[in-house]
Amino acid sequence: MPLLVMKFGGTSVANLDRIRRAAKRVGVEVAKGYDVIVIVSAMSGKTNELVGWVGETSPLYDAREYDAVVSSGEIVTAGLMALTLQEMDVPARSWQGWQVPLKTNSAHSQARIEEIGTEHINAKFGEGMKVAVVAGFQGISPEGRVTTLGRGGSDTTAVAFAAAFGAERCDIYTDVDGVYTTDPRICDKARKLDKIAFEEMLELASLGAKVLQTRSVELAMRYKVKLRVLSSFEEQSDEAGTLVCDEEEIMESNVVNGVAYSRDEAKLTCLSVADRPGIAATIFGCLSDAGVNVDMIVQNISEDGRTDMTFSCPTDQVQRAELALNAFKDKGELNYAELVADTGVAKISVVGIGMRSQSGVAAKMFKVLSDEGINIKVITTSEIKISVLVDRKYMELAVQALHDAFELDKAS
C-alpha cells in the first residue's frame, strides 16, 4: 500500500472535537487506499503546563525526569486519536516513541534522532492495521530512558518517519493554511505560496518564520521528503496548502519569495579589541562554550592595531554573553575597552532562490529602507538571502515596505 505521514500540531488536537475532525481527515486518506502514520503533538497548551509543573517541583531539575514528564502530553493525544479512529471502524493503534522504537542520542530535552525501526509498524500494517498513531517529540536513549527532541520536535518526528518509511508525502496540519510571503498579521498583502523550495523554507524557518521547525526542513531537504503545510480548519483539495519541494519542481520563481523577521534580536559590540590572529576564535569560542547562539558578525577596519567586533544574538542570551566575555576579560584572556549591548533591534530578511541569477536585490532592499528613513546597523548575506538589523520600532514598516517593493503580493 502507498504510505502517507500526517502530522497534527497542538491546535489541531486541542480538544476532543478537534481530534475527531483530525481523525476524519485521516479516514479520508485511508479510504483513498493509503496506510497512514499519524504523528501527534500534545494538546494545545499542555506542554507548557507540564514544563511549568517541572519548574515548580524542581528548579534545578534532572533532565531525564523532565523528559519523562513533558513527553506524556503526546502519549495522551496518541491514545485518544487511536480510540477515535477505532470508533470510526478504522483499524488503528497508538505507539509511544520507545515502542517503535525511535532511537536518539542521550541529549535529554534536545535529543537527535539516530534511527527509526520500521519492522514493528510494518508488521502491524501487514496484519491489517491501517493507521499507526505515533506520539511525536519523543524517543528512547541508548540507556533506555525517554528523550524529547526540543520544542517543535513533532515536525521533526513526522519528517523522519516519512524518510524512514519511504512515504509518498508528509502532510503537516497546523493553524495556518500554508506558507506565506510574510506574516499576514503585520502585512495584509501577504500571499500564500503554492510551492516553495527546501532552501527557501529553511532560510525562512531559521530567520523567524514559525510555520515549520528548522530541523524538520533540514531533514526533508536531505532525504527529499515532500512536505505539504495545510490548515486543520479549512476544507481541503489536492492543491491545498503549500508544497515544500526541490527547486527543480518549481517552474518559475520570483527573485524574492519571502520577507522574514525576528523581533527579539540584540546587537553586541566589543569595542577596541586587539587586532591579532586568533582574536575572533577567542571571542566566539567563549560564546559557544556559554551556549550563546551568535548570528550576524561584523569586524571593523583595524586602526592602530585595534578593531571593533560586532555580533547579534537572541535578546534572552545577552546576559549570558556579557557574563562569558567579561569573565574572559577578567582572566586576561581577552582585552577590549567596552562591551556595548543594543537590545532594541530586529532582524529583517529577504529570501529567494532567484537571487542566484539576478543582481540588484541588495541595492533595491537598501534603497527601500533608506526611503523609509530606516537606518541599517548590520548586514549579512548568503546566496539566497540578505539580512539586516534595524531599530525594532521600524520592524513592521520595513517588512511592509519590502513586501510592496518586491511585489510579493503578485504570483510569478
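Which residues of helix α8 (residues 214-223) are buried?

Modeller: The model is a predicted one. In helix α8, which spans residues 214-223, the buried residues are Arg215, Ser216, Val217, Leu219 and Ala220. The elements that cover these buried residues include α6 (153-165), α7 (198-206) and β11 (227-231). After α8 comes lysine 224, which has a positive phi, near 55°.

Arginine 228 counts as buried because its relative accessibility is 9%, and buried means under 20%. Its side chain is in polar contact with the side chain of aspartate 171, at 3.1 Å.

The cysteines may be taken next. The structure holds zero disulfides. Cysteine 170 takes part in no disulfide, and the nearest cysteine sulfur, that of cysteine 245, is 14 Å away. Cysteine 270 is likewise in no disulfide; for this residue the nearest cysteine sulfur belongs to cysteine 286 and is 8.7 Å away. A disulfide requires the two sulfur atoms to be within 2.5 Å. Cysteine 170 counts as buried because its relative accessibility is 0%. Cysteine 270 also has a relative accessibility of 0%, and therefore counts as buried.

Helix α11 comprises residues 361-371, and its buried residues are Val361, Met365, Val368 and Leu369. These four lie on the same side of α11, because they cover an arc of only 95° around the axis. In general, an α-helix has 3.6 residues a turn, so residues three or four places apart point the same way. Ala363 and Asp371, on the other side of α11, are exposed. The buried residues of α11 are covered by elements that include β16 (338-351), β18 (385-391) and α12 (395-405). Just after α11, glycine 373 has a positive phi of about 75°.

Strand β2 (residues 35-40) pairs with β6 in the parallel sense, over five bridges. Within that pairing, isoleucine 37 stands opposite alanine 132 of β6. Strand β3 (residues 92-95) also runs parallel to β6 and is joined to it by four bridges. Here arginine 93 has alanine 132 as its bridge partner in β6.

With a relative accessible area of 0%, serine 312 is buried. Leaving aside residues up to four places away in sequence, serine 312 touches Glu265, Ala266, Lys267, Asn293, Val294, Asp295, Met296 and Leu389.

Terms used:
Residues numbered from 1 in each chain as written. Predicted model: local features only at pLDDT ≥ 70, side-chain atom pairs only at ≥ 80, totals over all residues. Heavy atoms only, no water. Buried < 20%, exposed > 50% of the residue type's maximum accessible area, 1.4 Å probe, protein only. Helix = DSSP H or I, 4+ residues; strand = E, 2+ residues; numbered from the N terminus. Contact = heavy atoms within 4.5 Å. Arc of directions from axis to C-beta. Pairing = 2+ DSSP bridges. Polar contact = N/O pair within 3.5 Å; in protein donor to acceptor, adjacent residues only side chain to side chain.
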